[in-house]
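Reader: I am new to this structure and would like a close look at one part of it. Please take a single residue and follow what surrounds it.

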Amino acid sequence: ANSVPGSTAKTLPGEHHDVVKFRPKEIYGWVMPVVTHNRYSANWITLMDWRTLRMRYTEPEYLMHYEAPGEHMALEWNYTDYRWSYEVFYAEDKEREVLPVTITEDLTADTKFGVGQIDHDLQVWGVALSSNGVDQSLYKPGRRYFNGPYEFRANAIQCAPDACNFLPGDEPLGDPTLYSKVDHWCRSDGTAEFNDWTKHRKCEGKRQFPQEGDNVIIGNGMYCVMNVNPPRLNSLTILGKLLFEDTADRVVESDTILVWGYLTVGSVARPFKHKATIKLHGVRTSPTLIVHNDLFLGNKVMAVIGHLDLHGVVPDVAWTRLAETLEVNGTTLQLLEKVDWEAGDEIVVSSTEYDGAEAETFFVSAVSADGLTLSLDHAAVHRHFSGIVDNGPNQDVALRATVAKLNRNVVFEGADDGFRHVAGPGGSKKMTVEGLNYGAHIVVAQVPFEDSPTKSGQSHITGTNLYRCGKHEMEHACILYKHHLKFHEDTVPFNAVE
């Protein structure tokens, strides 16, 4: 936390810095002494932003019998993902005001306890902590709980008024129409929409294909067959349906993808035969995807509130085990069962020691005619055991390293935006910058809407390589299924990765 003398929130001479560690003990959170009549800037040393915060300014006994005119301080928190505002609930969930930032207005001793102030440019939210506006009747001697006189709960709000939390229309899908039909595209101010402009609203832009960096929309009720690869996009929103045509390799690159309708690459009955790649770009500070206040999606994300189908060719044998131990410097694998793998395939051999990091990846340089021997592109660094271990009388145990094929012809991946080639003395160097280990992720979600039915996303993924997915040291796993409500047995959303 940074203590800044005076009432200003900006960096000034006299600023001091200190670190307060998280305390997961009887009080789950942070406890710290402070000097009032200051403004404190609490900067998170983490990639994550808080969504709900419970705060107790002081114990009531400290101020109940103490005349403290002007008793106050201000506390501000930084955030990274977009926030429209924060709502503060105090004393039986009575909401407190959130002040906009102006040049002259600031949180002072006259500001009521729990009133907030947000600065969208600096990405900070401040809150007044004072004795002004405190309801002392909430005090119960000897009782420790929240909703006391000096306590409040704050919730992060992503959506500006009327900016989201609405359900797009759900028109029946029309006939399949090729992406390459330019008369179905309307482009204006960096947004390109695919629609039937003879039936819907008038095109206010130009009949042009999407350009690099555009925000692309597949219109409601439209069935778009992607027979050409678009340029890298800023965002892709699918209200209707986008189908990858299986006549050539297909690639979609975007910062974010939002699926209200259908995104389809192959099917279980007819897996996609060519190579299909969905690649998401972005770093921690890239713009946030905002859909609904119940969904904290972050960025570099594909959000599915409709239907997602990714179906590649599933190998006859996805994984097997070693028949013989792979020694250090070995370049040949002997397998227990025949595989249909090919030269150029990427494989992984699991660790058989205590250190799981000894798993190794290789590329196959050759496969024997019987499919039982693989030649590797480089020598093994670690030993990978395969054999029978004596575990007592009549208790022999087979311990064998696993060998699995990693690559698939359908790929969902995060772009390697964590590295940049930087020119310098001696030539170009690969430098690590923000974004290392910051992969893509998928959120399949259920969202409630006012005066509309709850919409639940569904997904089925087979024969697909999920590559560079998940965000290190954050809450975003490779795939997150976010469903709140209970379902009847015949209405449970179908979600599977096979």
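Leaving aside its neighbours within four places in sequence, which residues is His-384 in contact with?

Author: The model is a predicted one. Beyond its neighbours within four places in sequence, His-384 is in contact with Leu-322, Thr-325, Leu-326, Val-349, Ser-350, Ser-351, Thr-352, Glu-358, Ala-359, Glu-360 and Ala-401. One of these, Glu-360, also has a polar contact with His-384: their side chains are joined at 2.7 Å.

As for its place in the chain, His-384 lies in the loop between strand E30 (373-376) and strand E31 (386-389). His-384 counts as buried because its relative accessible area is 0%, and buried means under 20%. Thr-402 is 18 residues away from His-384 in sequence, and the two C-alpha atoms are 9.1 Å apart in space.

Met-32 is found in the loop between strand E4 (28-29) and strand E5 (38-42). Its relative accessibility is 38%, so Met-32 is partly exposed. Together with Trp-30 and Val-34, Met-32 forms a nonpolar patch on the surface, and the accessible area of the three is about 240 Å².

The largest nonpolar core has 34 residues, and Ile-218, Leu-236, Leu-242, Phe-244, Leu-263 and Met-302 have the most contacts inside it. Apart from that core lies another, of 28 residues, including Tyr-40, Met-55, Leu-129 and Ala-156. In soluble globular proteins, nonpolar side chains tend to be buried together.

Notes
Residues numbered from 1 in each chain as written. Predicted model: local features only at pLDDT ≥ 70, side-chain atom pairs only at ≥ 80, totals over all residues. Heavy atoms only, no water. Helix = DSSP H or I, 4+ residues; strand = E, 2+ residues; numbered from the N terminus. Buried < 20%, exposed > 50% of the residue type's maximum accessible area, 1.4 Å probe, protein only. Contact = heavy atoms within 4.5 Å. Polar contact = N/O pair within 3.5 Å; in protein donor to acceptor, adjacent residues only side chain to side chain. Patch = residues over 30% accessible without salt bridge, like charges linked within 9 Å, V, L, I, M, F, W, Y side chains within 5 Å. Areas by Shrake-Rupley, 256 points an atom, 1.4 Å probe, with all protein chains shown as cover. Salt bridge = Lys/Arg side-chain N within 4 Å of Asp/Glu carboxyl O. Core = buried A, V, L, I, M, F, W, Y, C linked by side-chain atoms within 4.5 Å.
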